[in-house]
Amino acid sequence: MQRFKTIYFIYNADGGLLNEVKYWVNKNIFKRPTACELCGISHGKIFVKSEWLKFLNDLQRDYKVEVLHRNEIPRKIEEKRFSFPCVVGETEDDLIELISSISFKTFQKNEGIQELSEKLSMKM
């Protein structure tokens, strides 16, 4: 079993106020389909879900946790060319994709955080 020191949650969206407003407008006003299933799991219509914050807080008991947008990822992750959204675990020696963008597409909308937690537990 791998021992992870950091868990990265990476959105398939760009960070920054302007980018986040643009994403929100496209999703909620223009009703365009979103390209980030992790956003749907972690955020409600306007705010971050309290269940998401609790989930991250629980993970932080055992791991360093970083939640990043695709334009905020460190070079070491960028070089791996993961598809987003994804969850990446960092060991002493490597970066390992724990949950792929393809896996996120299969998540049930109503059970997103619970399903993410269960899948992540199986990988760790």
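Student: Why is I77 called buried?

Tutor: The relative accessible area of I77 is 0%. A residue counts as buried under 20% relative accessible area, as exposed over 50%, and as partly exposed in between (1.4 Å probe, protein chains only). The value of 0% falls under the 20% limit, so I77 is buried.

Student: What kind of model is this?

Tutor: This is a predicted model, in which local features need pLDDT of at least 70 and side-chain atom pairs count only at pLDDT 80 or more, while totals for chains, interfaces and linings use all residues. Residues are numbered from 1 along each chain as its sequence is written, and side-chain values use heavy atoms, with hydrogens and water left out.

Student: Where does I77 lie, and which residues does I77 contact?

Tutor: I77 lies in helix 4; helices (H or I, at least four residues) and strands (E, at least two) are DSSP runs, numbered from the N terminus. Contact means heavy atoms within 4.5 Å. Leaving aside neighbours within four places in sequence, I77 is in contact with Y8, I10, F82 and L95. The C-alpha atoms of I77 and V88 are eleven residues apart along the chain and separated by 8.5 Å.

Student: How many helices and strands does the chain have?

Tutor: There are six helices and four strands. From the N terminus on, the elements run β-α-α-α-β-α-β-β-α-α.

Student: What makes the buried residues of helix 3 line one face?

Tutor: Helix 3 comprises residues 50–59, and its buried residues are W52, F55, L56 and L59. Seen down the helix axis, these buried residues fall within an arc of 95 degrees, so they line one face of helix 3. The arc is that of the directions from the helix axis to the C-beta atoms. In general, an α-helix has 3.6 residues a turn, so residues three or four places apart point the same way. The face turned away from the buried side of helix 3 carries the exposed residues S50 and K54.

Student: Which elements do the buried residues of helix 3 pack against?

Tutor: They pack against strand 1 (6–11), helix 2 (37–42), strand 2 (64–69) and helix 6 (112–123).

Student: How do you know whether R81 is buried or exposed?

Tutor: R81 has a relative accessible area of 74%. That value is over the 50% limit, so R81 is exposed. R81 lies in the loop between helix 4 and strand 3.

Student: What is the phi of R81?

Tutor: Phi of R81 is near 55 degrees, a positive value in a residue other than glycine. Most residues other than glycine have a negative phi, and most peptide bonds are trans.

Student: Which residues does a cis peptide bond join?

Tutor: The cis peptide bond joins F84 and P85, with omega about 0 degrees. P85 has its place in the loop between helix 4 (75–78) and strand 3 (86–90).

Student: Why is C36 called buried?

Tutor: C36 has a relative accessible area of 1%, which is under 20%, so C36 is buried. C36 is placed in the loop between helix 1 (17–28) and helix 2. Not counting residues up to four places away in sequence, C36 touches Y11, N12, Y23 and P85.

Student: What makes S101 count as buried?

Tutor: The relative accessibility of S101 is 11%, under the 20% limit, so S101 counts as buried. S101 is found in helix 5 (residues 101–105). Beyond residues up to four places away in sequence, S101 touches S83, F84, P85 and C86.

Student: Why does the radius of gyration of the chain agree with that of a compact globule?

Tutor: With 124 residues, a compact globule would have a radius of gyration near 14 Å, and the chain has 14 Å, which agrees. The radius is taken over C-alpha atoms, and the globule rule is 2.2 Å times the number of residues to the power 0.38. Buried residues make up 38% of the 124 residues.
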